[in-house]
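Trainee: Could we go through this model together, starting with a single residue?
Mentor: Gladly, let us open it.

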Amino acid sequence: MSIGINSAGCIPPFSLNLKMFVTSLSGSYCNSLIQYSRLKTREVKVGDVGIGGSNPIRIQSMTTTDTMDTIKTVEQSIRMIEAGCELVRITAPSMNEAKNLENIKKELRKRGYKTPLCADIHFTPNAAELAARIVEKVRVNPGNYADRKKFEHIEYTDKSYDEELERIRERFLPLIKICKENGTAMRIGTNHGSLSDRILSRYGDTPLGMVESAFEFLRICEEEKFFDIIISMKASNAQVMVQAYRLLVNKMKGRASGPHPLRGSSGNALPLRPGQLVVLPIYPLHLGVTEAGDGEDGRIKSAVGIGTLLEDGIGDTIRVSLTEEPEYEIPVAKNLAERYSKRVDHKRISSLETNDSRLKTTYSPFEYKRREAASILNIGGGNVPRVIADFSNKEKITAASFFAVGYNYSVSLDKWNLTDQACDFIYLGGNKIAFEIPGTLGLIYSPDTYAALKNKTRSYPLFCGSEYFSSKEKSAELNFVVVDVVALQNPKFKLQELEKNVVLIFDTTNEHGMAEQRSMFMALQENNIPVIIKRNYKDLSEDKFQLYSATDLGGLLLDGFGDGIWIKQNNCASPQLINSTGFGILQATRTRISKTEYISCPSCGRTLFDLQETTAKIRSKTSHLKGVKIGIMGCIVNGPGEMADADYGYVGTGVGKITLYKGKEVVKRNIPSETAVEELIGLIKAGGDWVEMAS
Ligand code: SF4
């Protein structure tokens, strides 16, 4: 099946469905699945800062102050810049704010800061046109630049669809002209939660709809020979976000045709002759997970989404959106980006043999499909991914040690209580335990220790590669076999000779370990042995430990790989942090839900209440509601759309006024903020999602 490419090098907009798209172009979303290589994009200059091309991954963030407060915005921008922010975005909801960007810029320059500014625009083309004359970049949201969303399902004919596109074109052309005249760059920033009614009616709220939403605007820019464009595909669901960026790259790669370069040596765009084929560029990509929340959850979710793409060389600039002060976002973004500065020198990954035809039907980078695995005890099959804690290096293990991994022992009741984040197995290595363990827990031992156990109840051995075949003392129920890429390729290691009660553990020491482990999964497509993903970390700060593990494990889980996780570390984090990180990764990839999910916006100049304080208050009362998704959004303009799939929503609608949502429906409008949290709890109770907090 081939995809038609028209004379302009574009894939026609409505001629494909996802299945066709995936089957015909599977895999072509990055340079290599096994060798780290940054996707080469066009360089776009934003002031003096180059984004894309061979520039480093740029770090950016957004102010949260009122744009009309010049000094507060300048001072916050300076805090961000001094933390390492290379591009400062400021919201411009109306003409007044757009105009005040001039004062902000002047004051920043006066104080010696040359960092380029970006105006963030929703709904207001006139504000965009003014801002584009002042700042170095404007961001437009194709979901609402020319449309006010009605949340309606409208049936479009090709004619009515084209008429709407023509109306958008007319609204959009003046901005393009101003950007060209002033050397202003543009971000076409699609958000999953704010797709237009037109896109939703034709594509639904899918990754493909997000890509098409950007392309509607991109085509207009290209027809006007305006190429200083950066594109983003943000979502609060990391799975959707990753798939959308991959589809976008796939589509941009797919349309390059013709031998003619677009730019002359001066850097100016060359005029195109009618009918001339051109190499349409791959535009730089701005990565971000929207409404990621705060604290550990926000960091893990951001790393899962952004890190997964960076691993494959995708991404030229990143913004980590946290419900915290914007300067706190910068170290997180830097830690994520800097990891790739020397990645290209990683140990070579030898390509494992795969059966391509089977691979195509079982794996797609553009849609989530969990790898099929047999069920062994509580691992694989339809079971949630399991968590293995590692106590092998502990000198002394007592009942109190289990507290960190989700188990509390009640002395008065003489019983174990489990939390929602209780690990499933503990690897003890050569250690032993001299007390009764919780009834749901399994213990994993080195082969010698296992062989010497008198009571083997809920105890299982772990073998190293081929050691499994020579061992006489195996479990009749469950055996773990750890392999790395070398062991998996060793002819002595015969997969087909493993018994049906074996779970593999994939290990890696490669710096580009996610790709190496992914290639191991791909080599295993013919086989349905359950697999646990193991990663090892040493001498990292807690922040880096969380971000790296969320990237490495999250990237595989998002692709449907892995029936469990095992994080081993040395001198990085406490057992409690390791456990909460593991469960946080599973939650962020939506493969195992163990807590409440908060979809809270980072706040900006539109915010109508103290988001950090309110989020903390709501969290303190609802953090025990496992699986419930609560949106906490600063404004009514973007909030309802951006919280997309939240079960309940708390949205600022005016000073001191809150509107509450159940799903996408308004349930209480403009209630006083003083009582809004209690009203939200009442709503959750009425919705049947409330449980009392355990005392
Ligand atoms: S939802 Fe939050 S971050 Fe988005 S525009 Fe509204 S206040 Fe700003």
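Trainee: Is Asn501 buried or exposed?
Mentor: Asn501 is buried, with a relative accessible area of 10%, where buried means under 20%, exposed means over 50% and partly exposed lies in between, computed with a 1.4 Å probe on the protein chains only. Before we go on, please keep in mind that this is a predicted model, in which local features need pLDDT of at least 70, side-chain atom pairs count only at pLDDT 80 or more, and totals for chains, interfaces and linings use all residues. Residues are numbered from 1 along each chain as its sequence is written, and side-chain values use heavy atoms, with hydrogens and water left out.

Trainee: OK, and where does Asn501 sit?
Mentor: Asn501 is in the loop between α14, residues 485-489, and β18, residues 502-506; helices (H or I, at least four residues) and strands (E, at least two) are DSSP runs, numbered from the N terminus.

Trainee: Which residues does Asn501 touch?
Mentor: Leaving aside residues up to four places away in sequence, Asn501 touches Ile376, Tyr468, Ser475, Ala476, Glu477, Leu478 and Asn479, and such a contact means heavy atoms within 4.5 Å. As for Phe480, which is 21 residues from Asn501 along the chain, the two C-alpha atoms are separated by 8.6 Å.

Trainee: Zooming out, how many helices and strands are in the protein?
Mentor: The protein has 20 helices and 25 strands, and of its 695 residues, 60% count as buried. If you take the contacts with a separation of 6 or more, 67% of them come from residues 24 or more positions apart.

Trainee: Which residues of α10 are buried, then?
Mentor: Helix α10 covers residues 329-338 and is mostly covered, since seven of its ten residues are buried. These are Glu329, Ile330, Val332, Ala333, Asn335, Leu336 and Ala337.

Trainee: New topic: how many salt bridges does a search of the whole structure find?
Mentor: The search finds 47 of them, counting a salt bridge whenever a side-chain nitrogen of Lys or Arg lies within 4 Å of a carboxyl oxygen of Asp or Glu. One of them joins Lys105 to Glu136, with the closest N and O atoms 3.4 Å apart. That pair links distant parts of the chain, 31 residues apart, since Lys105 is in helix α3 (residues 95-110) while Glu136 is in the loop between α4 (125-134) and β6 (137-140).

Trainee: What else does Glu136 meet in a salt bridge?
Mentor: The side chain of Glu136 also meets that of Arg109, at 2.9 Å from N to O. Glu136 counts as buried at 13% relative accessibility, whereas Arg109 is partly exposed at 22%.

Trainee: How about Arg219 and Glu212, how far apart are N and O there?
Mentor: In the salt bridge of Arg219 and Glu212 the distance from N to O is 3.1 Å. Arg219 is buried at 15% relative accessible area, and Glu212 is buried as well, at 2%.

Trainee: Which residues are linked in a network of salt bridges?
Mentor: Glu311, Arg339, Arg343, Arg535 and Asp552 form such a network.

Trainee: Last topic, what surrounds the ligand?
Mentor: The residues around the ligand are Cys601, Ser603, Cys604, Arg606, Thr607, Met633, Gly634, Cys635, Asn638 and Gly639, each being near in the sense that one of its heavy atoms lies within 4 Å of the molecule.

Trainee: One more: where is Leu377, and is it in a helix or a loop?
Mentor: Leu377 lies in the loop between α11 (356-362) and β11 (386-390). Its phi is near 50 degrees, a positive value in a residue other than glycine, and at 43% relative accessibility Leu377 counts as partly exposed.
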